[in-house]
Amino acid sequence: MKVGILDGYVDEPSCLGVPPYISPYPRYIWGMLKHLRADLCGYFTIDEFRKDGKVREKLSECDILIVIAGAVVPGKYLGGVPLSKRELPRVACGRMNILVGPLTLELTKNEREELHQFEIVEFPFEERLFELLCNIFHTDAEFDLNEFALRGAEVVRFHPEFPHVICEMETYRGCYWSKCSFCVERFQRFMMREPKCVLAEFERLYSLGVRHFRLGRQTDFLTYMADFNEDFPKPEPEKMRSFHEAIWRLCPEIKTLHLDNINPKTIAMHPEESRAVLKTIVRFQTAGNVAVFGMETADERVVRANNLAAMPEEVLFAVEMVNSLGRERGANGMPKFLPGLNFVTGLKGETKETYEKNYEFLNMLLERNLLLRRINIRQVKILPGTPMAEFGYKNVRKHKKYFKIFKRKVREYVDREMLRRILPLGTVLRDLRCEVRKGKVTFARQFGSYPLLVGIIGEYERNNYVNAKVIDYGMRSITAIEYPLDVNKAKLYQLEAIPGVGSRTAARIVANRPFKRVEDLKEVVGEEEFSKLKDFVCV
Ligand code: SF4
């Protein structure tokens, strides 16, 4: 029986699979299928499906097509466009089609009826999918997620972006808090993976050529392997240190090792142990790392009304702690480790004042010279089965205007100022992977958790890796110029983009090329212009 996988990408509170990320799901499913000795027909992404008739043809030959979908956290992506609900009927080209992933959480009764082409496997799907496949294959094989992870790791090689991919690694699922009114983590059964299993998966992926990893599939990295006998799980610094040491022992040439979520409540409840683990993170994970705190709101009334985990002063305490440990600049040009904040609007108890409090909180961070690498603001997305489902979109609709104003103010004033402080003019960012070209600008990012978008002046091929110097700021991105820029090869418009260098100077350089030494430029452009140029160029 021929089986294929179509990856429509996922984005959940604690799992990302939009390229260059590859989520654990296709890896687990591939492993299950290998375990069942299925005839594997291929793994393709939704972007390949859209672009390439041959991919569609190949998948239509499948007896079973497994479609993974669910960007339940709304976002904008540079690396791919997630499969939407509307697109689902079009991709159902196998003889039997199975839909898995967090998208199933969003389906209404009517939508389910309309999707008659699919066998819908409810989320979390792994055990249910395996049971279904066992029935189809007439076997009673045993479910073993760790075994599937190892056997399925090889699927990364079929990813169209390989080796330019980052593997989302799962350490545990579920949330010890699990009470927030809007969150889908309540649907996850708590499951902690043994470190030896996570490490074996690291080793396997590394042997296949993966060099970028994110410990992202957990709701709070600090509580991985924690002591759950306490009211609030207590981090285990020694265990976390050994875990990190083992990663580097097994995979000595990792290029990116980052994490995703940290619950600020853990830091507030167990400051000493948290500080020790945060120090380990700064030491063993790579620069540009971000601890994203799900703050959601700075209004205490909203925190209470929605059973959110942390009060604003607890978030402030966590922001201060990460800042005190991670601000130093790392090898790739970024600060080693900074916090990020998520805000969710439209929650119960929200008023106009909530937006003012949110903005005041961010302003206070600026005043205290605390850095935030990322501020994510979104309107709540209501999913069936969550306490927010009863309340509905009342406050989203009522406060639309305040949401827009708050978001614009944060982007224009807070984000831009944070960027200036995090990356002063002239900072050199290394290993920027070129992704998309628009006119004379190429958009590039480093690998990692929430990488910064960099518009590099110039036309670079996709997957070129470039070092670049910061020359300007957008709201959530920066403009940079290749560093060092070869004056003998640079385009006129690149030379013109160097701060303080006018079009006449740039034209003079081009007319007098080639130069043997940077100092030779002085004769052509004069002393003053040379002083502006010399820190940007080479020959
Ligand atoms: S703390 Fe709240 S928002 Fe965060 S994962 Fe847990 S339940 Fe979800």
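How many salt bridges does the structure hold? The structure holds 41 salt bridges, where a salt bridge is a side-chain nitrogen of Lys or Arg within 4 Å of a carboxyl oxygen of Asp or Glu. Before I go through some of them, please keep in mind that this is a predicted model, in which local features need pLDDT of at least 70 and side-chain atom pairs count only at pLDDT 80 or more, while totals for chains, interfaces and linings use all residues. Residues are numbered from 1 along each chain as its sequence is written, and side-chain values use heavy atoms, with hydrogens and water left out.

Let me begin with glutamate 168, which forms a salt bridge with arginine 214, the closest N and O atoms being 2.8 Å apart. Glutamate 168 lies in strand S8 (residues 166-170) and arginine 214 in strand S11 (residues 212-217), so this pair ties together parts that are 46 residues apart in sequence. Strands here are DSSP runs of E with at least two residues, and helices are runs of H or I with at least four, numbered from the N terminus. Both glutamate 168 and arginine 214 are buried, a word that means under 20% relative accessible area, whereas exposed means over 50% and partly exposed in between, with a 1.4 Å probe and protein chains only.

Two further bridges sit within helices. In helix H17 (residues 400-422), arginine 420 and glutamate 417 lie three residues apart, about one turn of the helix, and their side chains meet in a salt bridge at 4.0 Å, N to O. Arginine 420 is partly exposed at 40% relative accessibility, and glutamate 417 is partly exposed too, with 26%. In helix H21 (residues 527-533), lysine 532 and glutamate 529 are also three residues apart, and their salt bridge spans 3.1 Å, N to O. Here lysine 532 counts as partly exposed at 29%, but glutamate 529 is buried, with a relative accessible area of 15%.

Turning to the backbone, a cis peptide bond joins proline 19 and proline 20, with omega about 10°, and proline 20 is found in the loop between strand S2 (15-16) and strand S3 (21-22). The bond from tyrosine 483 to proline 484 is cis as well, with omega near -15°.

Finally, which value of phi does tyrosine 9 have? Although tyrosine 9 is not a glycine, its phi is positive, about 75°; this residue is placed in strand S1 (residues 2-12) and counts as buried at 1% relative accessibility.
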